[in-house]
Amino acid sequence: MEFFGFLQSLTGWSVLIGLVAALMLGFSGAPLFIWAAATILFLIGLGVSWVLIGLVAAVFALFVIKPIRRNTISAFVVYLFKKFKFMPEISQTERTALDAGVVWVEKDLFSGKPDFDSLMKEPYPQLTDEERAFMNGPVEKLCQMVDPWKVWRNREIPKEVWDFVRKEKFLGMIIPKEYGGLGFSALCHSEVIMKLSSRSLPTTITVMVPNSLGPAELLVHYGTDKQKNHYLPRLAGGLEMPCFGLTEPLAGSDAGGITSSGIVFKGQDGKLKIKLNWNKRWITLAAVSSVIGLAFRMRDPENLLGKGDDVGITCALIPATTPGVVLGRRHDPLTIPFHNCPTQGHDVVVDLEDCVVGGQGGCGEGWKMLMECLAAGRGISLPAQATGGSKLVARVVSAHSVIRRQFGVAIGKFEGVETPLARIVATTYALEAMRRYTLGALDKGIKPPVITAIQKYFSTEMGRVAINDGMDIMGGAGISLGPRNLLAEIYVATPIGITVEGANILTRTLIIFGQGALRAHPYAFQEVIALENNDLTKFDQAFWGHVGHVVRNLCRSVVLSCTRGYLALAPSCHPQLKIYFRRLQWTSATFAILSDVAMGSLGGDLKRREKITGRFADVLGHMYIATAILRRFEAEGRKEEDLAVVHYNLKFCMAKIQEAFDGLFDNLKVPGLRWFMKGWVGAWSRINSLGSQASDGWSHRISTQVLEDGGFRDRLTEGMYMPKEKDEQIARLENAFKIVLKSENAEKKIKKAIRESVLPKKKIFELLEEAKSKNVITEEELRLIKESDSVRFDAILVDDFDEDQYHNRKPYP
């Protein structure tokens, strides 16, 4: 009766005050005892009887006094979780992947309350003097030596290029100096790949793979001293050519399902040996390798290692000349002429201690090694390749958009071209921002697997957008193969980057959020571990911490949604960008509460709901991209001329996040609440959206900027290869671009004279002499216009071949 009397005593104002107070307590993340005190004071203020107040205090005491809570409520929760198998079952391979690397900024983005003051102070790395000298010396020279068209047509990298790569230790960038390598930073490694990828993809891949997941990386981190001393100097100096065999006909993205096997036995000399059998495919450099890194499942039927029959996935180094090794055949990856090959092994016998990475101690540790190496490698190679390609696209297409005219107007001034051109520019800016931000973590020793998965997926997808837009703008010049076509190779090769190091579909739907939901969540993984270990104390801490996390983020999400983020704090930044920091706070809170709703309603089934996890990955990924863009703008000194591309990118990120939230509200089936999620919350989210795509005005400003010589355009494409030879197409385009821009003022004078009837209405080139004679233009301006016409025509020409050249029976001049 007391309770019903209390309900009758409530007024509209008291309910409103109580609700606002509760939201503010939740918004601030107040601990439970503060809630208890506030609730009791609220009840006293309402004049509620002391009996009811005492009952409320007793309920709060049950939750606040930890020993009582732990042994009553928490114990019952554990019972329910186990009975209904609420927590996902985590396989050993999944556990190893989760344990690989560390969490970084993704933990902030997952928290619901990211600390942007800290995120904006993450290091923005710079090259050392030694690394800069390498970029300006050997890397520049290698780019000069490579003729991309000849490599494509001859389907091989010339011997002199191979020799130079070995001599200058390109294959040893990640090998420490004490072993004869270059010992470069992740930034320098990335810069090399980025620059090479703007010149020749086969050369890029040849340099990239030995410095990525493979023998050198494995040995540096896990090899025995004997293995390091033997192999690393030889790998650094190019005396050994490595490859790494992981993928098989029946094990692609599911690398944990490999069937290659190694049986442990004791040889006649008393040493432990392994008899290996494998069938690998898509192994880069295999046909030309001298040492094969091999992932296989080790079995020990005699239990010689004391680890049981199934020891687990193991990594080993197999000399290519070992009897039973089969090499020599090649795949043809979309006609891109790099060595990508199958390899087999038939009863290949090797010494265990010499060949297993890490010796006997490395047996069964291969999956851990691979996951830890990929946690770093995914953030370097393919993102650098995508960024270099996008910079080349931006440089080539912007020049072409000024040079190429239709209907008497440069095509870059058509609104239809402005849209994809602006998208190329924005994509290139964002790729560089992501690249540098991620490398800052890697160079301070942090290997964040969720972030590098985001980096790999979004970089390669954004690279695909840039090259597709570039090909659209280039038109016929983009589809006519030859030395003048600078984009076709990137266009053809794009699916390769999409596929390798974890196919993008898998990366988006399984890794980014699938691992991130446990890895980056402040409590979920702790709950799983506590349940597995039957540790009630730790489960109690994690579970009630999780409950508080949910309450805080629910309140933050509601409050920030109702205020459109304006109650969120923003760090010191450019005044125009405060709104984006606030929107990201709002996004993080909504993302965090929806993640918990998904985990709570779907439980262990969540990892099989890939359409749901893919949308969560889109939100997390675009939060990261936006953070990286904001950090770049800060790190580069808040350049006013960059504001247009920053606004454009951040608006795009907000629109993509909103799109993903819309999909989640429509498809997240919460038992008993779907009508509310889809009909009410979803409708409110659409009405009160985070943002929409950038307006046409932003794309016009961006495209206008990149069609001007100097400043913005040069910084946008910094780090790509820029040849100086006049017969190089990029140099030809750049020369024409500059001359055409200089001649535009003179042409404007002639157009004005036509409008004022000083000159007749004819095409400009028909009026040049008359314009000069009437002093509309000067002698120098006349010369400039004529030169402009000449270089423009030369720059837009495409290649053609006679029959012998077309069939490659004789070289193209």
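Hi everyone. Before the charges come up, a quick definition: Lys and Arg count as positive and Asp and Glu as negative, while His and the chain ends are not counted. On that basis, this predicted model has 98 positive and 88 negative charges in its protein chain, and their mean positions are 3 Å apart.

Now the overall picture. The protein chain has 35 helices and nine strands. Its radius of gyration is 31 Å, close to the 28 Å from the globule rule for 813 residues, so the chain is as compact as a globular protein of that length. Of those 813 residues, 56% count as buried.

Let's turn to salt bridges.

Start with E191 and R435, whose closest N and O atoms are 2.7 Å apart. E191 sits in helix α12 and R435 in helix α19, so this pair ties together parts that are 244 residues apart in sequence. Are these two buried or exposed? Both E191 and R435 are buried. They also belong to a network of salt bridges that links them with K391, E432 and R436.

Next, E769 and K786 form a salt bridge at 3.0 Å, N to O. Here helix α33 carries E769 and helix α34 carries K786, so the parts tied together are 17 residues apart in sequence. E769 is partly exposed at 49% relative accessible area, and K786 is partly exposed at 42%.

Finally, K159 and D163 pair up at 2.7 Å, N to O. These two are four residues apart in helix α11, which means about one helical turn separates them. K159 is exposed, at 60%, whereas D163 is partly exposed, at 35%.

Key
Residues numbered from 1 in each chain as written. Predicted model: local features only at pLDDT ≥ 70, side-chain atom pairs only at ≥ 80, totals over all residues. Heavy atoms only, no water. Rg over C-alpha atoms; globule rule 2.2 N^0.38 Å. Buried < 20%, exposed > 50% of the residue type's maximum accessible area, 1.4 Å probe, protein only. Charge placed at Lys NZ, Arg CZ, Asp CG, Glu CD. Salt bridge = Lys/Arg side-chain N within 4 Å of Asp/Glu carboxyl O.
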